[in-house]
Amino acid sequence: MALALAVVCTFTWGWSTAGAALTGAAIGVVTNLYMAVRLFGNGAVRPAEQVLQRFYSAEAVKIVMTVGLFALAIGAFKVAFSSFDCRL
């Protein structure tokens, strides 16, 4: 899906936008992979309270990671959102 979007972005807005789309997709994959490994990494059976606690802590870390990675990507791509035109 991300590759198809990147192809559309390449022809519509250029290489920079396609790179930004792929970077956003990579951020989603990395943060969700972290969440999955944190919750199901060793496959051990745990009490429900411990699973819920791990879920909340992993979700908090995932949100912080997502914000940090997007801030890094925005700085790297120097995206000016106020001037970005999304019309197809």
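Against which helices do the buried residues of α2 pack? The buried residues of α2 pack against α1 (2-12) and α3 (48-77), where contact denotes heavy atoms within 4.5 Å and buried denotes under 20% relative accessible area, with exposed over 50% and partly exposed in between (1.4 Å probe, protein chains only). The model is predicted, and local features need pLDDT of at least 70, side-chain atom pairs count only at pLDDT 80 or more, and totals for chains, interfaces and linings use all residues. Residues are numbered from 1 along each chain as its sequence is written, and side-chain values use heavy atoms, with hydrogens and water left out.

The secondary structure of the protein comprises three helices and zero strands, in the order α-α-α along the sequence. Helices (H or I, at least four residues) and strands (E, at least two) are DSSP runs, numbered from the N terminus. Of the 88 residues in the protein, 18% are buried. Among contacts between residues at least 6 apart in sequence, 57% join residues at least 24 apart.

Helix α2 (residues 15-40) contains 26 residues and reaches 37 Å from its first C-alpha to its last, close to the expected 38 Å; the expected span is 1.5 Å times one less than the number of residues. The buried positions of α2 are T17, A18, A21, I27, T31, M35 and L39.

Two packed helices are described by the angle between their axes and the distance between the axes. For α1 and α2, the angle is about 160° and the axes are 7 Å apart. Axes are lines fitted to C-alpha atoms, for helices over the stretch in contact, and angles run from 0 to 180 degrees between N-to-C directions. Helix α1 is therefore roughly antiparallel to α2, a term for angles over 145 degrees. The contact involves A2, L3, L5, A6, C9 and T10 of α1, together with W15, T17, A18, A21, L22 and A25 of α2. These residues divide into ten nonpolar, two polar and no charged; Ala, Val, Leu, Ile, Met, Phe, Trp, Tyr, Cys and Pro count as nonpolar, Asp, Glu, Lys and Arg as charged, and the others, Gly among them, as polar.

Two alanines illustrate individual positions. A4 is found in helix α1 and is partly exposed, with a relative accessible area of 46%. A73 is found in helix α3 and counts as buried at 13% relative accessibility. Leaving aside neighbours within four places in sequence, A73 is in contact with T23 and I27.

Technical notes. Angles under 35 degrees count as roughly parallel, over 145 as roughly antiparallel, 65 to 115 as roughly perpendicular and the rest as oblique.
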